Each structure stands twice: as structure tokens, then as C-alpha cells.
Amino acid sequence: VSNIQYQQVVVPDGVIDLGVGQPNHALLPFEHVRQAAPSLLDDGPESLQYGAEWGDGHHRVALAEHLSVGYGVPIAPEHLFSTNGTSQALDMVCTVMSVPGDVVIVEDPTYFLAFQIFRDHGLDIRTAPMDGEGIDVAAVVRIVTDVRAAGGRVAFVYVVPAFHNPTSITMSQRRRDDLAAAASAIDVPVLADEVYHLLRHAPGAMPLPMSAYVERAPVVSLGTFSKILAPGLRLGWIHAAPSRLEPFAASGLIVSGGGLNPISSGLATAMIRTGRQAEHLAFVQATLGRRCAAMVAALRATCSDRVSFDVPDGGYFIWLRLPAGISGTQAREAGRREGVDVRHGALFSAVGAPDDHLRLSFAYYDEPDIVEGVRRLARALSSLGT
Ligand SMILES: Cc1ncc(COP(=O)(O)O)c(C=O)c1O
């Protein structure tokens, strides 16, 4: 049928959309997953039943082992709750941990698609600035104090601690300590969206994930297979102290429908158990590293006199600062005229911060298209007279 849509993102012919923050086909382990598929039915008819409320037990055990290696801290399977990915987890966190009218504090800028999820739940979004080490913790404490003084309630503080979307900043260990300590002191949970934590592609060590704090501070960590395996599985997890997870398992959604993903979690379990998951993650890291290097080199070759940026150590994005006098919206429109699309910086601010950046993703294209996309963007910027 001609007008039926088959995928979420459809890039028009002839356009290179450096805004798409998704893996392309080359990053999706199709053959590995195809080989793992028969093992889904290993448990016989039971495989097709409603799932255990917290997620399939075999999967939680396998995931805990996988994360303990990747995160470098022991993760207990009892502290994991399976989800349909981080977007669904965000929605469920709002259901379980907030009431309409509550305040949610977010970084400025941040992952803009979270805004609508928060608004769907009637939450009031307030922002705290970021610097090179992450969120401004003193600003968070001030907002909480002000909200409480006015009789309001803060539901949680939402942060993207590793390879932040859109800035690629990774919160320093010191800042993580400060945030966890402040969260305990003011008794407001930190909701850490750690979807990029495992995607370091430059040499060097990562700070401990916010997951490492769940037993000593009010921290809830979200993770997803979307970035390390495949978004179509709709599979992720919440990592938190069991006392924080119990209300999730007792929610109406789970009591009625059972655990969220018995079938796709079986696939991920098979991938982990056969070593394919670790192999694929290493492949994703190496590929993203090469694509990032190609984008950095192309930007330096074509427009280093006009734009500035930090070279990311991981994740998907370059956060490009534009020359004075050119807004992200203008640059994006000019780019479209040249056959390249990007995301303009204003999208990522809940409070209308100046539109002076572009977010470029190096996850969706192979190197030649990345280089060509950057060339087109450079032409677009020149056309604006910079
Ligand atoms: C920060 C952040 N959180 C969540 C998501 C969505 O994750 P999922 O596919 O698990 O819903 C993304 C995807 O781009 C993201 O960048």
C-alpha cells in the first residue's frame, strides 16, 4: 500500500540527514540476530506466555553479567527491571514517580524528545545549566529550594551523564559524586538516562556510571539495547534499588500485561550468552569511532574558520557552535537548500536558550556520506555569508 509508513525515519531522496540519531543498517547485527532467533523457542510453549513482572529471569541474570563487565561495577540481577526501551521507561517513571503538576529538572540543553514525555504527564520542566563537567548541581539545589518554598514538589532530576545528547559532554566523576550527594541531601531522585554509557569510542577510561550509586543515593538508571543491539527490539532496563523498582512491578500496566518483553529479551539473552553482544558492541564502538573521525576531519577541512566544537570521545553527536549572527534555524534552512539536514540547537532547550548550535549525528551514515554531508553544510554556511 503506497501511503503506509514502514519506518520511523524516512529521509527524502537526495538528502543527507546528519540529524538522524539512530544506527544505520550497517550497525544492526542482522545475521547475528537471525542466528539467535530459533533459541527464542527453547522453553517450548512457555516461551509464548505472559512474562515475569520484573522481566524474564534468565534475561536479567545475563544482562547483569553483561553490565557488570561494561560498567565496571557489579550489577545485581535483582536490581534490574526490563522495559521496552528508554522512551517507555521514561514514560513509566513519570507514571510511577510523579503526579501531574510536579516539577522535573533537566539539563539545558538536553534530549528534546523527553520533553513531550514529561509534558504528557503534566510535569513542569525547569532547567539547570551545564558546564564541561555536567549539570550545575548548585542550580539544581536552588531550584528544589525555590519550588518547595512555593509549595511545589520536584519529582526527579533528569540527566544524560555520558556522551550527552546533544552536547556529547560526559559528566565528571566529581560532578557525579556531587550530584548523588546533593540528591541524598535534598531527597530528590536522579533519573540518569545512561543510553550512551557503553559507547565510548576513543581510548581512555569512563567515570563510573550513575548505576554505581543506586545503593547509596536516590538514583534510578535507564539503559537500552537500542544503541548497542537494535532499536526495533524495544528492549531496555531500569537499574535501581529493589525498593524503588517494586512500585514499577506493581503498576497497573505490569499487573495486567505481565513483564514487558518476553520475546525480545530472549533474543538479547541469546546474543549475550553466545558472546555476540560483546562482539557487536566492540564493532559499534569501532565503527562510530571511524565515523566520528571522518566527521571531525571533514569539519576541520571545510569550515574550521566558521564553527567550533569539542571532539567527542563517544556517543553519536557533535555539537557545533555557529558563528555569531547565524542561528541554528537559519543554518538548517540553508543546509536543506544544499541537500543536507541537521538538528538546530533550539530544539534541545526547554526554555528557549539562544539558537546558536547545530547537532550533527555520525551514527546514521557511512564515512563517504558523512564527508559529503559536511561539505554541503559548509557550502550552506558560506551561502549565509560567514
Ligand atoms: C538520551 C536518549 N534517551 C533515550 C533515547 C531513546 O531510547 P530508546 O530507543 O531506548 O527508547 C535516545 C535515543 O536517541 C536518547 O538519545
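No disulfides are counted in this structure, which is a predicted model. A disulfide is a covalent bond between the sulfur atoms of two cysteines. Here a pair of cysteine sulfur atoms must lie within 2.5 Å to count. Take Cys 303. Where does the chain place Cys 303, buried or exposed? Cys 303 is buried, because its relative accessible area is 0% and the limit for buried is under 20%. Cys 94 also counts as buried, at 1% relative accessibility.

Turn next to the ligand. Some contacts can be followed atom by atom. Asp 193 has a side-chain N or O atom 2.6 Å from a nitrogen atom of the ligand. Thr 224 places a polar side-chain atom 2.6 Å from an oxygen atom of the ligand. Asn 165 takes part too: an N or O atom in its side chain is 2.9 Å from a ligand oxygen.

Asn 165 leads on to the backbone. A cis peptide bond joins Asn 165 to Pro 166, with omega about 20°. Pro 166 sits in the loop between β6 (154–159) and α6 (173–186). Two further residues of that loop deserve a look. Phe 163 lies in the loop between β6 and α6. Phe 163 is not a glycine, yet its phi is positive, at about 45°. Its relative accessible area is 1%, so Phe 163 is buried. Ser 168 is also found in the loop between β6 and α6. Ser 168 has a positive phi of about 70°, again without being a glycine. With a relative accessible area of 10%, Ser 168 is buried.

Another cis peptide bond runs from Asp 108 to Pro 109. Its omega is near 5°. Pro 109 belongs to the loop between β3 (103–108) and α4 (113–120).

Now consider the open spaces. The largest pocket holds about 1,000 Å³. It is lined by 34 residues. Closest to its centre are Gln 8, Val 9, Gly 21, Gln 22 and Lys 227. What kinds of residue make up this lining? It divides into 16 nonpolar, 13 polar and five charged residues.

The second largest pocket has a volume of about 420 Å³. Its lining has 18 residues. Leu 40, Asp 43, Asp 56, His 58 and Gly 266 lie nearest the centre of this pocket. Which element gives the most to the lining of the second largest pocket? Helix α9, spanning residues 262–273, does, with six residues. By type, the lining of this pocket splits into six nonpolar, eight polar and four charged residues.

One last stop is His 344. This residue lies in strand β12, which covers residues 343–344. At 16% relative accessibility, His 344 falls under the 20% limit, so it counts as buried. The side chain of His 344 has a partner: it makes a polar contact with the side chain of Arg 332, at 3.0 Å.

Conventions
Residues numbered from 1 in each chain as written. Predicted model: local features only at pLDDT ≥ 70, side-chain atom pairs only at ≥ 80, totals over all residues. Heavy atoms only, no water. 1 Å grid on protein atoms, 1.4 Å probe; cavity = no way out; pocket = protein on both sides within 12 Å on 5 of 7 lines; lining within 4 Å. Points joined across faces, edges and corners; volume = space filled by probe spheres on them. Nonpolar A, V, L, I, M, F, W, Y, C, P; charged D, E, K, R; others polar. Helix = DSSP H or I, 4+ residues; strand = E, 2+ residues; numbered from the N terminus. Buried < 20%, exposed > 50% of the residue type's maximum accessible area, 1.4 Å probe, protein only. Polar contact = N/O pair within 3.5 Å; in protein donor to acceptor, adjacent residues only side chain to side chain.
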